[in-house]
Amino acid sequence: MITLIVNGTRHQVSVPPDTPLLWVIREVIGLTGTKYGCGMSLCGACTVHVEGRAIRSCVTPVSAVAGKEVTTIEGIPESHPVKQAWIADDVPQCGWCQPGQIMAATALLAANPKPDDAAIDEAMEGILCRCGTYQRIRTAIHRAAGTPSKGGEP
């Protein structure tokens with residue numbers, strides 16, 4: 001048995017230790033907000049926080065996070081400034097990447113509450129959006145941080 005703490009709730013899971021965290025979150029625990037995109041850590045749709053740090057859950061073995069705090073998109077309150085900014089700036093189109101985008105953005109703002117465009121671009125690099133809403137994502141991060149957005153493409 002492996003003990004996980006997901007969104008503040010302790011779970012005992014009986015899975016092989018090399019099972020990707022993504023599958024434990026989705027299939028064993030039943031939280032389906034975290035998305036499967038590529039399975040190779042290339043797209044970022046599966047981004048979650050471990051101890052506050054954004055990681056790709058599709059390539060992280062569950063054994064690596066045993067006993068650590070894992071936060072999924074369901075663990076970010078609707079009142080969080082990033083989620084509110086996403087709504088205000090009408091960020092999503094298809095929405096598939098949005099859990100990963102929001103998780104990366106919340107980790108960024110926790111580490112750097114007033115990021116500039118370069119810091120935003122660096123933190124969000126590799127979180128792919130098929131619809132190309134990168135400009136709105138950057139604008140929403142600035143809104144959540146309370147900093148002015150210069151606009152333009154990242």
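## Helix packing in a predicted model

Helix α4 (residues 117-124) packs against helix α5 (residues 134-145) at an angle of about 120°, and their axes run 11 Å apart. Bear in mind that this is a predicted model. The crossing of α4 past α5 is right-handed. On the α4 side, the contact is made by Asp117, Ile120, Asp121 and Met124, and α5 brings in Ile137, Arg138, Ile141 and His142. Sort those residues by class and you get four nonpolar, one polar and three charged.

Now for the helix pairs side by side. Two packed helices are described by the angle between their axes and the distance between the axes.

| Helix pair | Angle | Axis distance |
|---|---|---|
| α4 and α5 | about 120° | 11 Å |
| α2 and α3 | about 130° | 9 Å |
| α2 and α5 | about 130° | 8 Å |

Take α2 and α3 next. Helix α2 covers residues 81-88 and helix α3 covers residues 98-111; they pack at about 130° with axes 9 Å apart. That angle makes α2 oblique to α3. Here too we have a crossing, and the one between α2 and α3 is right-handed. From α2 come Val82, Lys83 and Trp86, while α3 supplies Gln98, Gln101, Ile102, Ala105, Thr106 and Leu109.

Who touches whom? On α2 the residues are Pro81, Val82, Ala85, Trp86 and Ala88, and on α5 they meet Ile137, Ala140, Ile141, Arg143 and Ala144. By class, this contact of α2 with α5 holds nine nonpolar residues, no polar ones and one charged.

A few residues turn up in more than one list. Val82 and Trp86 of α2 are in the contact with α3 and also in the contact with α5. Likewise, Ile137 and Ile141 of α5 meet α4 and are also among the residues that meet α2.

Finally, a look at the rings. The count of aromatic pairs comes to one. There is also a charge over a ring: Lys35 lies over the face of Trp96, at 5.3 Å from the ring centre.

Technical notes. Residues are numbered from 1 along each chain as its sequence is written. This is a predicted model: local features need pLDDT of at least 70, side-chain atom pairs count only at pLDDT 80 or more; totals for chains, interfaces and linings use all residues. Side-chain values use heavy atoms; hydrogens and water are left out. Rings of Phe, Tyr and Trp (its six-membered ring) pair if their centres lie within 6.5 Å; planes under 30 degrees apart count as stacked, over 60 as edge-to-face and the rest as tilted. A charge sits over a ring if NZ of Lys or CZ of Arg is within 6 Å of the ring centre and within 35 degrees of the ring normal. Axes are lines fitted to C-alpha atoms, for helices over the stretch in contact, and angles run from 0 to 180 degrees between N-to-C directions. Helices (H or I, at least four residues) and strands (E, at least two) are DSSP runs, numbered from the N terminus. A crossing is left-handed if the near helix is turned anticlockwise from the far one by less than a right angle, and right-handed if clockwise. Contact means heavy atoms within 4.5 Å. Ala, Val, Leu, Ile, Met, Phe, Trp, Tyr, Cys and Pro count as nonpolar, Asp, Glu, Lys and Arg as charged, and the others, Gly among them, as polar. Angles under 35 degrees count as roughly parallel, over 145 as roughly antiparallel, 65 to 115 as roughly perpendicular and the rest as oblique.
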